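Take a look at the chain below. We will then walk through it step by step.

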Amino acid sequence: MKRLWVLLALGVLLPATARAEPIAIDLQSTTGGFSGGSTAVHTLAIDLGTIVVPAGSVGTYLIDGLKVGANYVVSLVISGTPGWDTLRAELLDPVSDGNDAVDPKSQPAYVPKGYSTSNNVDGLSFAQDSALMRSAVFAGGSATVMADEITNMGDILTFAGLGSGMVRVTFGLRNYGSNGFLLRLNANGSPTPEPASMFLLGTGLAGLAAYRRRRIANR
């Protein structure tokens, strides 16, 4: 029985008991106020814990030590979704690992050096055709899920229609050959106007309407 080590976002290495090979999880980079870290890893399950994802923010996790050929379940809780409603999750895998033959030649600017957009023949996958779970549930409803696992453009899940408050997101991934990858989470939904902004917008339109009526009356 091996001991499992989980590398937290704060850089603290803590021992934990589990029935799996060692898996390392590191919140490698963040932008826009994204924050949060891993809390536990159990057998074939990766729990990223509770994270904060402001609108437009990005968080990239480095996950290493997966078993080849195994299916994993990733779960996380988003602490509030004010101003946005769509979460994009994407897998990026190391280049030159023998499974990037059909990767797009031109990689998006956000892909770090040494990685490429993962696709259905890469070493790991969301595996759209493999009956892996995927859901996003919140108080009063659940989100719709779209996957790009066929076009070879990328390994992407999109959770659209997230409600405000706490949202629990769960999805599966399959490791076809690589034991490490990047998981990129991005809040890229359209910002929702705040109530105060909506009120100002409404009063502004009312003022324009009144001004137009006065011009017509004065003709």
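Are Phe 159 and Phe 171 buried or exposed? Both Phe 159 and Phe 171 are buried. Here buried means under 20% relative accessible area, exposed means over 50%, and partly exposed lies in between (1.4 Å probe, protein chains only).

A word on the source. This is a predicted model, where local features need pLDDT of at least 70, side-chain atom pairs count only at pLDDT 80 or more, and totals for chains, interfaces and linings use all residues. Residues are numbered from 1 along each chain as its sequence is written, and side-chain values use heavy atoms, with hydrogens and water left out.

Start with the whole chain. It has one helix and 17 strands. These are DSSP runs, numbered from the N terminus: helices are H or I with at least four residues, and strands are E with at least two. The chain holds 219 residues, and 41% of them count as buried. Now take the contacts, meaning heavy atoms within 4.5 Å. Among contacts between residues at least 6 apart in sequence, 67% join residues at least 24 apart. The exposed surface comes to about 11,300 Å². Carbon and sulfur atoms supply 59% of that surface. Such areas come from the Shrake-Rupley method with a 1.4 Å probe; for residues, only the protein chains shown count as cover.

Next, the rings. A pair of aromatic rings is described by the distance of the centres and the angle of the planes. Rings of Phe, Tyr and Trp (its six-membered ring) pair if their centres lie within 6.5 Å; planes under 30 degrees apart count as stacked, over 60 as edge-to-face and the rest as tilted. By this rule there are three aromatic pairs. In one of them, the ring centres of Phe 34 and Tyr 61 are 6.3 Å apart and the planes stand at 70°, so this pair is edge-to-face. Phe 34 sits in the loop between strand 3 (24-31) and strand 4 (35-36), while Tyr 61 belongs to strand 7 (residues 58-64), so the pair ties together parts 27 residues apart in sequence. Both Phe 34 and Tyr 61 are buried.

Back to Phe 159 and Phe 171. Their ring centres are 6.4 Å apart and their planes are at 40°, so the pair is tilted. Phe 159 lies in strand 15 (residues 155-160) and Phe 171 in strand 16 (residues 166-175), so this pair ties together parts twelve residues apart in sequence.

Now find Glu 90 in strand 9 (residues 86-94). Glu 90 is buried, with a relative accessible area of 1%. Its contacts include Tyr 110, Thr 117, Phe 126 and Arg 184. What does Glu 90 form with Arg 88? Glu 90 forms a salt bridge with Arg 88, and the closest N and O atoms are 3.0 Å apart. A salt bridge is a side-chain nitrogen of Lys or Arg within 4 Å of a carboxyl oxygen of Asp or Glu. The structure holds one salt bridge. Side chains of opposite charge can pair when their charged atoms come close.

Thr 117 lies in strand 10 (residues 115-117). Thr 117 is buried, with a relative accessible area of 2%. Among the residues it touches are Leu 91, Pro 104, Val 111 and Met 153. Arg 184 lies over the face of Tyr 110, 3.9 Å from the ring centre. A charge sits over a ring if NZ of Lys or CZ of Arg is within 6 Å of the ring centre and within 35 degrees of the ring normal.

Key
Lists of a residue's contacts leave out its neighbours within four places in sequence.
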